[in-house]
Amino acid sequence: PILILSVGWALAFSVFTASAASMNLAGIALSGKTTTLPLALISITSGIYNLILTREIEYLGRYHSYLFGSMLGTVGCFICMLACFLGQQPNNNAQHSNNNTANMILFCFGAIFIGM
C-alpha cells in the first residue's frame, strides 16, 4: 500500500506542475497582462474549497465527494479548453482585444472549477 500511495502522490504533484506551466502559457496567449491569474485562482479556490470539503464528505460520503470533485475538475478543463480554442480563432484587429479579454475571463472561470 505504501508504494501505491507514493506513486499516487508523485503523479499528483507532477500533474500540478504540468498544470501550472500550461496555465501560465495559456494565460500568455490570451492576455499578456494577467498571465498568472488563472493559477492564482486555482490555488485560492483549492484553499477555500478545502474548508468546505469536510461538510461535503459528511453529506455525500467519501466516494461520491471524489466523483463530484473530479466532475468539477473535468468541467473546468473543458471550459479552459473552450477559452483556448476561441482565443485561437482569427479575428479582425478591432475586436481582437475585446475577444481576448472575454476568453481570459472564461479561462479564469474554468480555472476556478479546476481548483474545486
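Of the 116 residues of the chain, 27% count as buried, where buried means under 20% relative accessible area, exposed over 50% and partly exposed in between (1.4 Å probe, protein chains only). The model is predicted: local features need pLDDT of at least 70, side-chain atom pairs count only at pLDDT 80 or more, and totals for chains, interfaces and linings use all residues. Residues are numbered from 1 along each chain as its sequence is written, and side-chain values use heavy atoms, with hydrogens and water left out.

**Overall fold**

- The chain contains four helices and zero strands, and its pattern along the sequence reads α-α-α-α.
- Helices (H or I, at least four residues) and strands (E, at least two) are DSSP runs, numbered from the N terminus.
- Along the principal axes, the C-alpha atoms of the chain fill a box of roughly 55 × 30 × 20 Å.
- Among contacts in the chain with a separation of 6 or more, 68% are between residues 24 or more positions apart; contact means heavy atoms within 4.5 Å.

**Largest pocket**

- The volume of the largest pocket is about 810 Å³.
- Of its 24 lining residues, S46, N50, I114, G115 and M116 are the closest to the centre of the pocket.
- On a 1 Å grid over the protein atoms alone, a pocket is an open set of points where a 1.4 Å probe fits, with protein on both sides within 12 Å along at least five of seven lines, and lining residues have an atom within 4 Å of a point.
- Grid points are joined across faces, edges and corners, and a volume is the space filled by probe spheres set on the points.
- Helices α1 (2-30), α2 (37-60), α3 and α4 (93-115) each supply at least two residues of this lining, and α2 gives the most, with nine residues.
- The lining divides into 14 nonpolar residues, nine polar and one charged.
- For that division, Ala, Val, Leu, Ile, Met, Phe, Trp, Tyr, Cys and Pro count as nonpolar, Asp, Glu, Lys and Arg as charged, and the others, Gly among them, as polar.

**Residues S65 and R62 of helix α3**

- S65 is found in helix α3 (residues 62-87) and counts as buried because its relative accessibility is 7%.
- A polar atom of the S65 side chain lies 2.7 Å from the backbone oxygen of G61.
- Leaving aside neighbours within four places in sequence, S65 is in contact with E56, I57 and L60.
- R62 is also found in helix α3, but R62 is exposed, with a relative accessible area of 60%.
- The C-alpha atoms of R62 and V15 are 22 Å apart in space, and the two residues are 47 residues apart in sequence.

**Cysteines**

- The structure holds zero disulfides, a disulfide being a pair of cysteine sulfur atoms within 2.5 Å.
- C84 is in no disulfide, and the nearest cysteine sulfur, that of C80, is 6.7 Å away.
- C84 is found in helix α3 and is partly exposed, with a relative accessible area of 26%.
- Not counting residues up to four places away in sequence, C84 touches A26 and F107.
- C84 and V7 are 77 residues apart along the chain, and their C-alpha atoms are separated by 31 Å.
- The sulfur of C108 is too far for a bond, because the closest cysteine sulfur, in C80, is 8.3 Å away.
- C108 is buried, with a relative accessible area of 8%.

Terms used:
Polar contact = N/O pair within 3.5 Å; in protein donor to acceptor, adjacent residues only side chain to side chain.
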